[in-house]
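Trainee: Could we go through this structure together, setting each term against its definition as we go?

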Amino acid sequence: MEAVLADSNQSGCLTVGEGVVLNGTFVVPDIASVSGSIEGDITARELIVASSGVIKGKVTAEIIDLRGEIHDTLTAKKSLFIRSTGKALGSVQYAEIEIEKGGDLQGSLQKIDGDGPASGTY
Amino acid sequence: MFINKKRNDEREKMATPTENSQPLVAEPEPAAPDMSMPDMDQGYPANGNGNGNGGMKPAVNNLKPSIISEGFEFIGEIRSNGYLTIDGTVRGTLSLHSIQIGVTGVLDGNVTCDTMNVKGNFAGSLDCRDLTIGSRAVTDGKVSFKSITIQRGGVVKGELKKKP
């Protein structure tokens, strides 16, 4: 699914392949798809972290789909979805959250007021 | 004449079931446990996969679930190796095998259990193995767990810690 999303509209997207290591601050207007490793801050509309993806730093996105790991600070303005292989450690802010069984969530949690649910209803 | 008398007896039985339940020892508590059983099975996943429940003694299978009903408020300490369903309000210290907080349920206090299923409201500190937070649930406080599931819409606030 992430490949389809990234391929169909490349403008404003960031794709970090497996094995790629990035350092720095990243502002992504659309979708950031991370299979590699990022150290630093990343802001995106939608962030997809594959199971091999690791992000250490301040992460801000409207929608976060997490199969890999995010350390430090994580803000999901709309929805945070932690899959069974996903790991979120540190300070977590979210408007809406879902965790699959096996997913790991540790640290301090805070619910923020989002613009509304990303899709569907409660 | 005889038949009529029998019919009358039956009619009386139906009209006043609570009074008649006393001598019928063969059918203990007919209504309440039966009604809650279907929900019970969904609510306690530990029932099926009882492996590796953190050194805790497995729940006694023939132990009947205890229910704090809606509108019922309990303040104090509960200790059991069985199941507790909370639809009312419980404040205090709980040590149980499995707890289910119903949609109307409120639990406030220090809780130690194997399986926790929150559909209502929880506040306080929780130490459990398997935690499930439903879509209408609100959880606030210090929580430590081995496995967590949050359904979409569930609200979790406070500190979360995963046990090794």
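Mentor: Chain A has one helix and eight strands, where helices (H or I, at least four residues) and strands (E, at least two) are DSSP runs, numbered from the N terminus. Along the sequence, these follow the pattern α-β-β-β-β-β-β-β-β. This is a predicted model, in which local features need pLDDT of at least 70 and side-chain atom pairs count only at pLDDT 80 or more, while totals for chains, interfaces and linings use all residues. Residues are numbered from 1 along each chain as its sequence is written, and chains are lettered from A and ligands numbered from 1 in the order in which they are written.

Trainee: What makes residues of chain B count as being in contact with chain A?

Mentor: Two residues are in contact if their C-beta atoms, placed from the backbone, lie within 7 Å, and by that criterion 17 residues of chain B are in contact with 17 residues of chain A. Strand 11 (147-150) and strand 12 (155-162) of chain B each give two or more residues to this side of chain B, and strand 12 gives the most, with eight residues.

Trainee: Why are strand 8 of chain A and strand 12 of chain B said to pair?

Mentor: Two strands pair if DSSP finds at least two bridges between them; strand 8 (residues 104-111) of chain A and strand 12 of chain B have three bridges, in the antiparallel sense, and therefore they pair. In strand 12 of chain B, B:Glu159 is the bridge partner of A:Ser108.
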